[in-house]
Amino acid sequence: MPSTKVNPLAPISKLMNSEVLRTIKCKQLIFLLFCGGMAYAQHSNSLTATLDHQTKSINIQQEFIYVNSSKDTLETLYFNDWAHAYSDKKTALAKRFAEEFKKSLHLAKDEERGSTEIFSIVDSEYRGLIWQRTSGKDIVKFILNKPLLPGKEAKFFITYTVKLPSNKFTPYGYDNRNGYYLKDWYLTPAVYDGTWQLYSNKNLEDLYTEITDTNINFIFPDSLYIGTNYNEVNVTSFPGKQYASLKGANRKSCDIILNPSNRFIKHVTGHSIVVTDIRSNNYPSVLQGISINKISKFIHENLGDFPYEQLLVSEVDFNKNPLYGLSQLPTFIRPYDAQFQFEMKFLKTALISYMRETVFLNPRKEKWVSDALVNYLMIKFVDQYYSNQKLLGKLSNLWGFRSFHLADMDFNEQYSFLYMLTARKNLDQALTTPNDSLIKFNQKIANTYKAGLGLAYLADYLGQDKVDKSVKEFYSSYNLKEVKPKNFEDIIKKNADKDVDWFFDAYVNSDERIDFKIKKIIKEEDSLSVVLKNKTGTNVPISLFGINGDSVVSKYWFRDIESTKTIKIPRTTEERLVLNYDQKIPEFNQRDNWKTLSGFLSSNKKLKFQFFKDSEDPYYNQVFYMPVASFNVYDGITPGLRFTNKTLLERPFIFDFAPSYALKEKSFVGFGRFNYRKYHRKSGMYVTNYALRGSTFHFQTNSRYSTLTPSIGFGWRSDNLISNKRQSLVLRHVNVFRTIDPALDELETDPDYSVFNVRYNSYNTGIINYFNWFADAQHSSDFSKLAFNLEYRKLFQNNRQLNLRFFAGKFLRNKTNSDFFSFALDRPTDYLFDYNYLGRSEDSGIVSQQIIIAEGGFKSKLENPFANDWMMTTNASFNLWRWIELYGDIGLMKSRNQDARFVYDSGIRLNLVTDYFELYFPLYSTNGWELGQPNYDEKIRFIVTISPKTLIGLFTRKWF
């Protein structure tokens, strides 16, 4: 049974037996002869691996010859065993998943996990070696029987079985269609360069292993087809099984993809052999072959020869690193032409495979170099072949879309835009940040885009020919060799005719922002004096354009603007001057990048009202409007129109107003806020937030409340941005104004009141270990009180989850005559109007059964649930099966002139989505057995969250 098939429709595939194929093989022979001198010091690896389709495991016999090419004598060796990363809940991989709010590996069944069982490790004299696992559990330490001297070699025989994991955790392992993707599946030597570079599997695609000459005899079922990055020397079929002889000279690890159908097609282009299963149903096969040839030629022209016999470009690899953005939409609504989609998909996957297979950087610490090369070439490909491509594709010309600034953005502007998503949130990280220290959005998108954009920036500054020459020279000089970023830097500097230290010092090695502005223009008869200000002090070049209409009439580069600098340029036909007009520089704020040369409005921007949220348009003051709606039982459905200046990118100053009309009360309601956020640094006290908020709604029929709250908040975090630990201090003054229906006489407090509130919060919102607490102080003319709240959740090794909560509150003084400000057992009065009650004043009906876990946190409705002196409660629950839990609450409470009371309740909790949708069924409480009491359905309580922003946060939290 053949392992791959040749595409009969693609014209280039007819070259299989042509002169081109012979040319490719000739190049490879020359390369092997050239590298022959390296074979002396090369590790040698031979495996016989048998895939057991029934047990989803691979039985391996491995012979490894380790050559000590260092100057040190080695007494121990380390081998990567990344297949064992799936073995339990304490591996580095499991911990990484927990940081990303993924508990699939923690909750997995034993048969779904992967592991490595090592039976024996012996040396060339058949003496057993002592071995042990490191703390991450996926690196094996071999203790040698005798020291390995420099230049000497040692042979080992290793017998082990790799149990493959389900691909529900990562793309690797077995799938539910009887397919397999084998990656990092056998033992490979860790890198020793004076110190051991030991990196655990954290699902980051960054195995760091030595270069070896590897031969694999792979035995697999005859019902499967094979695709691999290694050279398929021979594939032989026997009854029930197949034998594949795979060879990789001067390679890293071997990838194998097995499918029950023959999905891989072998394309022979003018420059390389490409094996791929990437295809498009909307793009003819013949044209796909032509596009692959086009891409192969482009890569060859910009990098050089691919040194191996074939390049594997797989759909699975693309899915790991897709084209983020609109191209992830379902096929039938994607706004791009089929050819463009196919070529961009194939290009990105091919480039990543090219770099991974041939550029041997430290992928954990030096990935920015390969990211820069991949994304720079993608930018160049679009500039070369699709220069008019818009970010929104075909949508850019449709009514309803063409008025958006997004519709005006070129496709390549997405690189700066997506990088700015984290930069504006103060979450950007330097390109040299280790891969496992990057937040997920930076690791997958922002840093890779910033790296490619940086080379495009450098090419614009130096001239594209110089950067292109450096890229090709770097690849030709260092492919298939261990290489460092310094080698890339040296080549760039050698080919540059200007100083480029700024690129490596300020752009690559730091997270300093770039931000310039045109401060003033002095017009003279034949020249212009332009005052430029560097707002951040980051000393990098900045481009200045002279624009007439939509045409560029002049362009200049300026450097060494550390603060403010006046430069003089000739005056020609410019109508306005614009910094960074072509968006090649990832500048933090471009709203102050331009000035016109005529009229007193030269520093003013026009006001632009626009439907729905958009990207920033630096030439306008944007105000967005969009429909909104909310609901409570008093106002009913409240449709409204929201006005805000909030764009797709975070900005320091925000206004947000939503006047609405309450259909039930037949009156206007709504909310509004002004907010100014100031970021200081990445860690420590990193942010200050100033806000003024107001709202007005109804809290009973014909009874309105209005709030006006000025506040200031401070935030702290560690220098580990992946950590979910945060602290905050918020000071606010809540002013409440109420208009009471004269028909209501039960209100015993003054209609208007003010409360000064200080709260310190400490968060650690892990999915395995969750620990939050806050201390709260409130003061008003009628009372002063303190409160403390603590929550702890623990997901144990046996998948049982324990939830604990403790609350304590004490009045320091209390002159009130009602329970409006008292501590509540089950349903706080919410006099500060912080909670989203559907019916905050209801004591019967379905909305009265809504609870928000605050203060006492009880679920049963107990008699006299308020305390105007002090209260202490504890809430606990643990799961019986999946999301079905048993809960119990106990508490002590005391009101003035009354004895302390002990209260309790218990029941069943359906924890469908924690904090978002939960149901509580009371069983036994201070009231007795509630299950048998009348109207039990009225005792059931629920938690529901209908805020879109809150729900979206449930899915985006793993990215930021």
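1. Asn 593 counts as buried, at 2% relative accessibility. The cut-off for buried is under 20% relative accessible area. The model is a predicted one. Asn 593 sits in a loop, with β27 (576-579) on one side and β28 (594-596) on the other. Its contacts, leaving aside neighbours within four places in sequence, are Phe 516, Ile 518, Leu 577, Val 578, Leu 579, Asn 580 and Glu 587.

2. Leu 577 returns the contact. Not counting residues up to four places away in sequence, Leu 577 touches Asn 593, Trp 594, Lys 595 and Leu 597, among others. Its list also includes Ile 518, Ile 521, Leu 528 and Val 530. Leu 544, Phe 545, Gly 546 and Ile 569 are on that list too.

3. Strands β22 (residues 516-523) and β23 (residues 527-534) are paired antiparallel through 7 bridges. The hairpin they form has 3 residues between the strands. Across it, Val 530 in β23 faces Ile 521.

4. Next, the nonpolar cores. The largest one has 106 residues. Leu 577 and Val 530 are among the residues with the most contacts inside it, along with Ile 299, Leu 303, Phe 346, Leu 455 and Leu 458. Helix α9 (residues 440-462) supplies the largest share of this core, 13 residues. A second core is separate and has 46 residues; Leu 47, Leu 129, Ile 139 and Tyr 230 are included in it.

5. How does α9 meet α6? Residues of α6 in the contact are Lys 367, Trp 368, Asp 371, Ala 372, Leu 373, Asn 375, Tyr 376 and Ile 379. On the α9 side they meet Gln 443, Thr 448, Tyr 449, Ala 451, Gly 452, Leu 453, Leu 455, Ala 456 and Ala 459. The axes of α6 and α9 lie 7 Å apart, and the packing angle is about 65°. That angle makes α6 roughly perpendicular to α9. Angles of 65 to 115 degrees count as roughly perpendicular. The crossing of α6 past α9 is right-handed.

6. Is helix α8 mostly covered or mostly open? Mostly covered: 10 of the 10 residues in α8 (residues 414-423) are buried. They are Gln 414, Tyr 415, Ser 416, Phe 417, Leu 418, Tyr 419, Met 420, Leu 421, Thr 422 and Ala 423. The buried residues of α8 pack against both α6 (367-385) and α9.

7. Ile 130 has Ile 143 in β7 as its bridge partner. The β6 and β7 hairpin has 5 residues between its strands, and there Lys 137 takes a positive phi near 75°.

8. β4 (residues 74-80) pairs with β7 (residues 139-148) over 6 bridges, in the antiparallel sense. Asn 80 is bridged to Ile 139 in β7. Ile 139 also belongs to the second core. β4 and β11 run antiparallel and are joined by 2 bridges. Pro 189 in β11 is opposite Phe 79.

9. Another open sheet of 4 strands is ordered β9-β10-β18-β15, with antiparallel pairing. β9 (173-174) and β15 (225-228) each have a single partner strand, so one side of each is left without a neighbour in the sheet. β15 and β18 (residues 256-259) run antiparallel, joined by 4 bridges. Leu 258 in β18 stands opposite Ile 226.

10. Asn 799 lies between β39 (783-795) and β40 (801-814). Buried, exposed or partly exposed? Asn 799 is partly exposed, with a relative accessible area of 23%. Setting aside residues up to four places away in sequence, Asn 799 touches Lys 89, His 106, Leu 107 and Asn 879. Gln 197 is 602 residues from Asn 799 along the chain, and their C-alpha atoms are separated by 34 Å.

Definitions and conventions:
Residues are numbered from 1 along each chain as its sequence is written. This is a predicted model: local features need pLDDT of at least 70, side-chain atom pairs count only at pLDDT 80 or more; totals for chains, interfaces and linings use all residues. Side-chain values use heavy atoms; hydrogens and water are left out. Two strands pair if DSSP finds at least two bridges between them. A nonpolar core is a set of buried Ala, Val, Leu, Ile, Met, Phe, Trp, Tyr and Cys residues joined through side-chain atoms within 4.5 Å. Buried means under 20% relative accessible area, exposed over 50%, partly exposed in between (1.4 Å probe, protein chains only). Contact means heavy atoms within 4.5 Å. Axes are lines fitted to C-alpha atoms, for helices over the stretch in contact, and angles run from 0 to 180 degrees between N-to-C directions. Angles under 35 degrees count as roughly parallel, over 145 as roughly antiparallel, 65 to 115 as roughly perpendicular and the rest as oblique. A crossing is left-handed if the near helix is turned anticlockwise from the far one by less than a right angle, and right-handed if clockwise.
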